[in-house]
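Trainee: Please take one part of this model and go through it closely. I would like to hear about the contact between the chains, and about what surrounds it.

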Amino acid sequence: MFLTRKAEFSASHVCANPAWSADRNQAVYGNNANPNGHGHNYVLEVTLTGDPDPVTGMVFDLRELKEILNREVVDPMDHRFLNREVPPFDRVIPTTENLAVEIWKRIEPQIRREGVHLHNVRLYETADLYVDYGGEQ
Amino acid sequence: MRLTGRYRFSASHRLDTPALSPEANRKLYGKCNNPHGHGHDYLLEITVDGPVDQDGQVVNREAMDALVRERVLRRLDHKNLNADIPELAGSVTTTENLATLIHGALAGGWTLPARLARVRIAETARNSFELEV
């Protein structure tokens with residue numbers, strides 16, 4: 001069975017490679033390269049897979065899942081400027097793809113246990129653009 | 001990694017097949033067989049699949065938007081699907097056939113490094129059709 005929990009956070013970012021010219025950054029990242037940054041209301045959906053526990057009837061304790069998402073993602077990222085305040089985005093360009101990979105790395109070890117694992121991280125940058133990441137293939 | 005972009009277009013159509021009698025068409029397609037046609041605001045999702053490149057992207061957003069705009073939206077938006085789309089001549093303008101047409105239009109001119117993985121189209125908020133490729 002798949003279980004999905006949603007979380008939201010709002011953050012600003014700049015997608016630009018500091019080694020490149022402004023023109024090249026504009027060509028690769030478009031408006032996202034504005035050096036002063038801009039923001040999004042990110043929506044995160046994490047999907048776990050496993051069998052419901054025969055005693056509790058649950059795949060995973062939802063309160064614990066909420067705490068993991070808050071501790072690893074929402075608390076450190078909400079209302080932050082990702083490039084300046086949330087490592088590794090001082091070095092890694094905070095595209096939606098790279099954010100999804102980072103979120104996977106932060107939460108996956110805390111979710112994995114007997115019979116349960118993280119299946120997918122879906123991250124919406126806007127309502128019209130999202131990525132799905134299922135870990136290293 | 002998969003990346004999905006959502007796009008919108010508005011078009012009119014009428015479901016009717018020459019293989020059936022007018023009465024059978026009315027019975028089969030109901031309101032969708034109204035001779036004067038009717039329209040929808042279609043919601044299209046295009047999903048690409050590939051590795052994250054050194055720029056941190058699966059695909060360049062503007063290149064993807066431009067491709068979808070050029071190959072799909074420009075051809076379909078504010079059109080009558082029965083009258084204005086030569087590729088649909090002779091087929092019923094169901095959303096199933098529209099999904100196949102959109103996949104073909106994209107695949108036929110695909111220039112992005114990531115693979116085209118999925119076409120999903122919602123005719124209304126209650127009906128959607130999905131093609132995994």
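Mentor: In chain A, 68% of the contacts with a separation of 6 or more are between residues 24 or more positions apart; two residues are in contact if their C-beta atoms, placed from the backbone, lie within 7 Å. This is a predicted model, in which local features need pLDDT of at least 70 and side-chain atom pairs count only at pLDDT 80 or more, while totals for chains, interfaces and linings use all residues. Residues are numbered from 1 along each chain as its sequence is written, and chains are lettered from A and ligands numbered from 1 in the order in which they are written.

The scores are ipTM 0.87 and pTM 0.91. For chain B the mean pLDDT (the predictor's confidence in each residue, from 0 to 100) is 96, with 100% of its residues at 70 or more.

Now the part you asked about. Chain A puts 12 residues into the contact and chain B puts in 14 residues. On the side of chain A that touches chain B, helix H4 (96–111) and strand E5 (129–133) are the elements that give two or more residues. Helices (H or I, at least four residues) and strands (E, at least two) are DSSP runs, numbered from the N terminus. E5(A) gives the most to this side, with 5 residues. Sorted by class, this side has 6 nonpolar, 3 polar and 3 charged residues; Ala, Val, Leu, Ile, Met, Phe, Trp, Tyr, Cys and Pro count as nonpolar, Asp, Glu, Lys and Arg as charged, and the others, Gly among them, as polar.

E5(A) also pairs across the contact. It runs antiparallel to strand E1 (residues 2–13) of chain B, and 4 bridges join the two; strands pair if DSSP finds at least two bridges between them. Within E1(B), B:Arg2 stands opposite A:Asp132, and B:Thr4 stands opposite A:Tyr130.

E1(B) has partners in its own chain as well. It is joined by 12 bridges to strand E2 (residues 38–49) of chain B, in the antiparallel sense, with B:Arg6 opposite B:Glu45. Another 2 bridges join E1(B) to strand E3 (residues 79–80) of chain B, and these strands run parallel; here B:Ala11 stands opposite B:Lys79.

A nonpolar core is a set of buried Ala, Val, Leu, Ile, Met, Phe, Trp, Tyr and Cys residues joined through C-beta atoms within 7 Å. A residue is buried if 20 or more other C-beta atoms lie within 10 Å of its own, exposed if 12 or fewer, and partly exposed in between, with C-beta atoms placed from the backbone. This core has 31 residues, and A:Ala100, A:Ile103, A:Trp104, A:Leu123 and A:Val131 touch the most other members. H4(A) provides the largest share, 6 residues. Beyond its neighbours within four places in sequence, A:Ala100 is in contact with A:Val121, A:Leu123, A:Val131 and A:Tyr133. Apart from this core lies another, of 14 residues, including B:Ile46, B:Val72, B:Leu88 and B:Val119. In soluble globular proteins, nonpolar side chains tend to be buried together.
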